[in-house]
Amino acid sequence: MASKLCQPFGITVLALVDVGAPFKVARLASGQPIFDFLEQLARIRAVRLVTDPKGRLVITTAGTAYADTALVFGDNIRAASGSNDTAQRFSQYTVTAQQDGLNLNAEGQANVSGGAADTRIGRYRPITIETDTPADIGACTQRAEWERNTRFGRGQRVVYTVSDWQQTAGGRTWQPNELVQVVDPWQGINGERLITEVRLISDLQGKRSEITVLPRAAFVLVPLPEPEEEDFVT
């Protein structure tokens with residue numbers, strides 16, 4: 001499906017992981033950006049969409065390979081910008097959904113729910129999310145875990161600027177979806193991060209790379225329930 005949609009743009013699609021069985025229903029809504037549509041399907045299958053140096057769309061999971069060098073404050077880091085934002089994080093995530101067939105109300109539906117806790121949030125701060133599709137308790141729990149992980153990761157986003165495009169002199173360029181060791185006391189980071197985006201810049205200031213990193217936990221996704229026919233708007 002991704003190959004067919006990307007073909008008019010001249011973009012080759014490469015799947016590095018098992019993408020699962022064909023979808024029961026998958027319909028591109030009128031006017032919906034193709035990447036948004038593919039990203040929606042990727043979340044359901046717990047995979048990531050990234051690009052490689054050849055401009056291909058790569059279907060994969062959170063990387064486990066390591067960069068050739070670390071990002072170290074006072075060494076190769078020229079500048080950094082980031083945040084530790086907890087505004088969209090909660091101590092308890094509850095996901096509710098309708099489940100057909102239980103015949104507990106006039107519509108023959110019953111509410112089911114699943115939850116996940118974020119123990120990093122020290123005070124009681126709950127949120128309830130209603131799914132767009134019918135789901136069972138297991139699917140609701142998975143969605144709650146996905147919300148917890150992605151919200152945690154988005155709040156830890158940092159962009160580092162380093163000199164040149166290569167990780168080491170004469171070596172490889174910086175690559176997305178690789179793990180990198182980060183030593184940055186100003187941001188309070190001393191550990192692994194996943195490179196989620198790389199911008200290779202060349203201008204009057206010379207060559208440099210802007211490297212966006214997040215905790216890998218934000219991308220260890222769990223499958224979301226597949227949408228039904230009626231959940232797509234055309």
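Ser 113 is found in strand β7 of this predicted model, in which helices (H or I, at least four residues) and strands (E, at least two) are DSSP runs numbered from the N terminus. At 37% relative accessibility, Ser 113 counts as partly exposed, a class that lies between buried, under 20% relative accessible area, and exposed, over 50% (1.4 Å probe, protein chains only). The C-alpha atoms of Ser 113 and Val 95 are 5.4 Å apart in space, although the two residues are 18 residues apart in sequence. When neighbours within four places in sequence are left aside, Ser 113 is in contact, meaning heavy atoms within 4.5 Å, with Thr 94, Val 95, Thr 96, Ile 137 and Cys 140.

Residues are numbered from 1 along each chain as its sequence is written, and side-chain values use heavy atoms, with hydrogens and water left out. Because the model is predicted, local features need pLDDT of at least 70 and side-chain atom pairs count only at pLDDT 80 or more, whereas totals for chains, interfaces and linings use all residues.

The chain contains three helices and 12 strands, and of its 234 residues 40% count as buried. Among the contacts in the chain with a separation of 6 or more, 67% are accounted for by residues 24 or more positions apart. The chain exposes about 13100 Å², of which carbon and sulfur atoms supply 49%, as computed by the Shrake-Rupley method with a 1.4 Å probe, where for residues only the protein chains shown count as cover.

In helix α2 (residues 34–44), the buried residues are Phe 37, Leu 38, Leu 41, Ala 42 and Ile 44. These residues cover an arc of only 155 degrees around the axis, which puts them on the same side of α2; the arc is that of the directions from the helix axis to the C-beta atoms. The buried residues of α2 pack against α1 (2–6), β2 (48–51) and β3 (57–60). Ala 46, which follows α2, has a positive phi, near 60 degrees.

In soluble globular proteins, nonpolar side chains tend to be buried together. A nonpolar core is taken here as a set of buried Ala, Val, Leu, Ile, Met, Phe, Trp, Tyr and Cys residues joined through side-chain atoms within 4.5 Å. The largest nonpolar core has 14 residues, of which Val 13, Leu 38, Leu 49, Leu 57 and Ile 59 touch the most other members. At least two residues of this core are supplied by each of α1, α2 and β3, and α2 gives the most, with five residues. Apart from this core lies another, of 13 residues, among them Leu 71, Ile 77, Trp 174 and Val 213. Val 13 is itself in contact with Ala 2, Ser 3, Cys 6, Leu 57 and Ile 59, leaving aside its neighbours within four places in sequence.

A search of the whole structure finds nine salt bridges, each defined as a side-chain nitrogen of Lys or Arg within 4 Å of a carboxyl oxygen of Asp or Glu. In one of these, Arg 89 pairs with Asp 118, with the closest N and O atoms 3.1 Å apart. Arg 89 lies in the loop between β5 and β6 (92–100) and Asp 118 in the loop between β7 (109–117) and β8 (126–130), so the pair ties together parts that are 29 residues apart in sequence; both Arg 89 and Asp 118 are buried. The side chains of Arg 143 and Glu 147 also meet in a salt bridge (3.0 Å, N to O), and these two residues, being four residues apart in helix α3 (residues 137–154), are separated by about one helical turn. Both Arg 143 and Glu 147 are buried. In the salt bridge between Asp 203 and Arg 208, the closest N and O atoms are 2.8 Å apart; Asp 203 is partly exposed, with a relative accessible area of 34%, whereas Arg 208 is buried, with a relative accessible area of 11%.

Two loop residues complete the description. Gln 156, in the loop between α3 and β9 (158–163), is buried, with a relative accessible area of 16%. Leaving aside neighbours within four places in sequence, Gln 156 is in contact with Ser 83, Asn 84, Arg 89, Val 213 and Pro 215. Asn 76 is found in the loop between β4 (71–72) and β5 (77–82), and a polar atom of its side chain lies 2.8 Å from the backbone oxygen of Ala 70.

Definitions and conventions:
Polar contact = N/O pair within 3.5 Å; in protein donor to acceptor, adjacent residues only side chain to side chain.
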